[in-house]
Amino acid sequence: MTDNQNNKDLEGLEEHMSSQFNAEKEEPRYLRGLIDKYIHNTNKILVSRLHMGTTLKGTSKSMPSYVGKMTFNEVADRVQMGSDMYFMKSKMDETTKKVTIDHENVDAISQRIPDWTRQPDLAGYLSSNNFRKFTTILAVVTPSWVDQPRHENWSSNGTALVDAIQFEPLDSKGDVGLINIIDSGIYALDGQHRVMGIRGIKELLNGSLEIKNKDGKPLRNQDSEEWMENYEIDDMTPLKDILLETISIEFIPAVISGETKPEATERLRNIFYNINTYAKKVDSSEQALFDVQ
């Protein structure tokens, strides 16, 4: 091989390496452009896909969930209490707002009624503690078709044909992707008190906080000035910034393909029960009912 040929080969190698280097430098910029186009300018949420446990009896189908984030303002506006879920309403006492747990609805119970007397303190914690931190909210995503048994997403034998959360993977393994839950109900299965505290911040910015008893019955309105005095808050301005802060949300589908609605309800009830087993004990009368098969 001549010296001239060697020089050409070296020049070609240098050109190739330079081109590859420039391409690698451009990749992050290209990726940022895609993220801005497909995430920031849409109603979709960037999530990581998780799976833990299995769902349908007698199968090994994994149970998916999706972790993303929301601003506190979005949580206050969009996330509802788990006790407001559709299958809780028929067994809720409209006077006391307590859920009646009996043999008819025990398999439908997904959350206990939150203690609304904690709301002022939770809002006070968020507003007065610079080191505030709320852990991940576990939320059930329920699109409207879940309550429509004749919808095309239900088969003739009553099993779901699709998941309640539609996931669009962005990588080949399906670990990262997008979900669109703009038209779905979002219910806090675990984290109702966190939602309550966040809502309290928004209410206070609107002028007053509705003080409720433990079961959620309104007692009176406390204006923002009185609340500020109670919690030694000098300025309401930082509360606006708090609503821009973010919290992680783990979204679980109300129904998974292949499930019937009763099976989906049982799955949610079991998730609730398992969470509360390690957090707050279910009382003995409720425990007896949960043990009934």
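I began with contacts, meaning heavy atoms within 4.5 Å. Residues 24 or more positions apart account for 68% of the contacts in the chain with a separation of 6 or more.

I noted the ground rules next. This is a predicted model, in which local features need pLDDT of at least 70 and side-chain atom pairs count only at pLDDT 80 or more, while totals for chains, interfaces and linings use all residues. Residues are numbered from 1 along each chain as its sequence is written, and side-chain values use heavy atoms, with hydrogens and water left out.

**Entry 1: the whole chain.** I found 8 helices and 10 strands; these are DSSP runs numbered from the N terminus, helices being H or I with at least four residues and strands E with at least two. Of the 293 residues, 40% count as buried. Buried means under 20% relative accessible area, exposed over 50%, and partly exposed in between, with a 1.4 Å probe and protein chains only. The accessible surface comes to about 17200 Å², and 49% of that belongs to carbon and sulfur atoms. Such areas come from the Shrake-Rupley method with a 1.4 Å probe, and for residues only the protein chains shown count as cover.

**Entry 2: helix H3.** How many of the 10 residues of helix H3 are buried? I read 7 for residues 119–128, so H3 is largely enclosed by the rest of the structure. Among the buried ones are Leu 122, Ala 123 and Leu 126. Their cover includes helix H2 (72–78), helix H4 (192–205), strand S8 (208–212), H5 and H6.

I then looked at H3 against H4. Two packed helices are described by the angle between their axes and the distance between the axes. The axes of H3 and H4 come within 8 Å and cross at roughly 75 degrees. That makes H3 roughly perpendicular to H4. Axes are lines fitted to C-alpha atoms, for helices over the stretch in contact, with angles from 0 to 180 degrees between N-to-C directions. Angles under 35 degrees count as roughly parallel, over 145 as roughly antiparallel, 65 to 115 as roughly perpendicular and the rest as oblique.

**Entry 3: salt bridges.** The structure holds 9 salt bridges, each a side-chain nitrogen of Lys or Arg within 4 Å of a carboxyl oxygen of Asp or Glu.

- Glu 168 pairs with Lys 44, the closest N and O atoms being 3.1 Å apart. Glu 168 lies in strand S5 and Lys 44 in the loop between helix H1 and strand S1, so the pair ties together parts 124 residues apart in sequence. Glu 168 is partly exposed at 35%, and Lys 44 is partly exposed at 26%.
- Lys 202 pairs with Asp 77, with the closest N and O atoms 2.7 Å apart. Lys 202 is in helix H4 and Asp 77 in helix H2, 125 residues apart. Asp 77 is exposed at 52%.
- Glu 226 pairs with Arg 220 at 3.4 Å between the closest N and O atoms. Glu 226 is partly exposed at 29%, and Arg 220 is partly exposed at 40%.

**Entry 4: Glu 232.** I checked the loop between helix H5 (224–230) and helix H6 (237–242), where Glu 232 lies. Phi of Glu 232 is near 55 degrees, a positive value in a residue other than glycine. Glu 232 is exposed, with a relative accessible area of 69%.
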